[in-house]
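Please read the points below beside the sequence and the model. They are arranged by place and by kind of contact, and each can be checked separately.

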Amino acid sequence: MKKQFNKLKNNTNGQVGLIIIIVLVLAIIGGVVAVFVTRGGPFTLIGETNYTYASTANLNLTLTIDNTVGSIEIENDDTLTSLMEARLEFWGRSEATITDAVNFTDSTAGGKVLISFESGEVTWQWANKSAYYQKLFIKINPDAIVDYNLEVTTGSINLDFDSLTESEIRMLDVLVTTGSVTADFGDNTFLNTSTVSLETTTGSIDVISQEVKFVDDIVWTIDTTTGSIDLTVDQVAIPADNYTATFNVGTTTGSIDLLYTLAETDFGIRITAQTTTGSITLPGGGNLYESTGYSGELIKYIFDLDTTTGSIEAS
């Protein structure tokens, strides 16, 4: 009996000792984290800067943005009398100052207005009291004919191209490393380009294409490594021009949801779906759907949906 008691006592002491060690380790880790956070401090809104390109004498615009840490929001503004306006929110820690803020630069070349934003390398160490990032809020005159080249390392990109007047896009290249991409192409968006690229490594993508105008074949690349993709395509009006719109939609880990409104009497529709782990739900079942008379239609919509881990649904 005494041996059993001693054994139980030793086991209990061992468990208590292990718990104490775990608590001490967690306390040390928590203390280290607290020191770094205290030294670095939280990010707060320090101030704002503004940018305006007033002249509309030249409507051909190339907008290039490389914002290492921060976000980009772009919208068409029907009330805008200038070519472009931007508001830049400057967020920083205790020793960051508004003088550190980066603003847009502009020039003209090749018959175009070139407006660019280059944030440069942004340090994110916890102990860096001077660390900062910028959020960009941009308004575009819908009369502008725009080439977009947008990139963010850490942050989201939100695009709202809906407007009362027709807006023309000649290039759209969007790249995010960590963050989401949202794009709304309204019924007055004219995509005068053969390619559209919306990509992120870690984050979701949400795309709405509603009565978008094309004049030629176009290939959409909508791709993420980790995140879901929601794609809505609404085309009721019958375009005057014949074209094939191909949507290459892919994610490694995440679901794909396609919602389309396309009359099969006017458009040829082809959907292929592939997943390693997950379910596939297409009209008619299986992993391939073609509308009746697909091959003979002059306007075609092709959806190639691919995920490794996740479900695919199209309706």
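1. Glu-211 counts as buried because its relative accessibility is 18%, where buried means under 20% relative accessible area, exposed means over 50%, and partly exposed is in between (1.4 Å probe, protein chains only). This residue sits in the loop between strand S13 (205-210) and S14, strands (E, at least two residues) being DSSP runs that are numbered from the N terminus. Most residues other than glycine have a negative phi. Glu-211 has a positive phi of about 55° although it is not a glycine.

2. On the source of these values, the model is a predicted one, in which local features need pLDDT of at least 70 and side-chain atom pairs count only at pLDDT 80 or more, while totals for chains, interfaces and linings use all residues. Residues are numbered from 1 along each chain as its sequence is written, and side-chain values use heavy atoms, with hydrogens and water left out.

3. Another loop residue is Asp-77, placed between strand S2 (60-76) and strand S3 (84-92). With a relative accessibility of 12%, Asp-77 counts as buried.

4. How many aromatic pairs does the model contain? The count comes to 16, under a rule by which rings of Phe, Tyr and Trp (its six-membered ring) pair if their centres lie within 6.5 Å, with planes under 30 degrees apart counted as stacked, over 60 as edge-to-face and the rest as tilted. One of these pairs joins Phe-185 and Trp-220 in an edge-to-face arrangement, at 5.2 Å centre to centre and with 80° between the planes. This pair links distant parts of the chain, since Phe-185 belongs to strand S10 (residues 181-185) and Trp-220 to strand S14 (residues 218-226), 35 residues apart. Phe-185 is buried at 0% relative accessibility, and Trp-220 is likewise buried at 0%.

5. The ring pairs also build a cluster, whose members include Tyr-148, Phe-161, Phe-185, Phe-214, Trp-220 and Tyr-243. Phe-214 has a further spatial relation to Phe-190, the two being 24 residues apart in sequence and 6.2 Å apart in space, C-alpha to C-alpha. Phe-190 is found in strand S11 (residues 189-191) and counts as buried, at 13% relative accessibility.

6. A search of the whole structure finds 6 salt bridges, each being a side-chain nitrogen of Lys or Arg within 4 Å of a carboxyl oxygen of Asp or Glu. One of them joins Lys-112 and Asp-147, with the closest N and O atoms 3.2 Å apart. Because Lys-112 lies in strand S5 (residues 112-118) and Asp-147 in strand S7 (residues 145-154), the pair ties together parts that are 35 residues apart in sequence. Lys-112 is partly exposed at 26% relative accessibility, whereas Asp-147 is buried, with a relative accessible area of 12%.

7. Glu-290 forms a salt bridge with Arg-270, in which the closest N and O atoms are 2.8 Å apart. Here too distant parts of the chain are linked, with Glu-290 in strand S20 (residues 288-290) and Arg-270 in strand S18 (residues 268-277), 20 residues apart. Both partners are partly exposed: Glu-290 has a relative accessible area of 40%, and Arg-270 has one of 28%.

8. The side chains of Glu-168 and Arg-170 also meet in a salt bridge, at 3.2 Å from N to O. Glu-168 counts as buried at 15% relative accessibility, whereas Arg-170 is partly exposed, with a relative accessible area of 35%. Elsewhere, Glu-48, Arg-87 and Glu-89 are linked in a network of salt bridges.

9. Which residues form the negative surface patch? They are Glu-73, Glu-75, Asp-78, Asp-143, Asp-160, Asp-162 and Asp-187. Patches are made of residues with over 30% relative accessible area and no salt bridge, like charges being joined within 9 Å, and Asp and Glu count as negative. Within this group, Asp-160 is placed in strand S8 (residues 157-160) and is partly exposed, with a relative accessible area of 30%.

Note on methods
Patches are made of residues with over 30% relative accessible area and no salt bridge: like charges are joined within 9 Å, nonpolar side chains (Val, Leu, Ile, Met, Phe, Trp, Tyr) within 5 Å. Accessible areas come from the Shrake-Rupley method with a 1.4 Å probe; for residues, only the protein chains shown count as cover. The place of a charge is taken as NZ of Lys, CZ of Arg, CG of Asp or CD of Glu. Helices (H or I, at least four residues) and strands (E, at least two) are DSSP runs, numbered from the N terminus.
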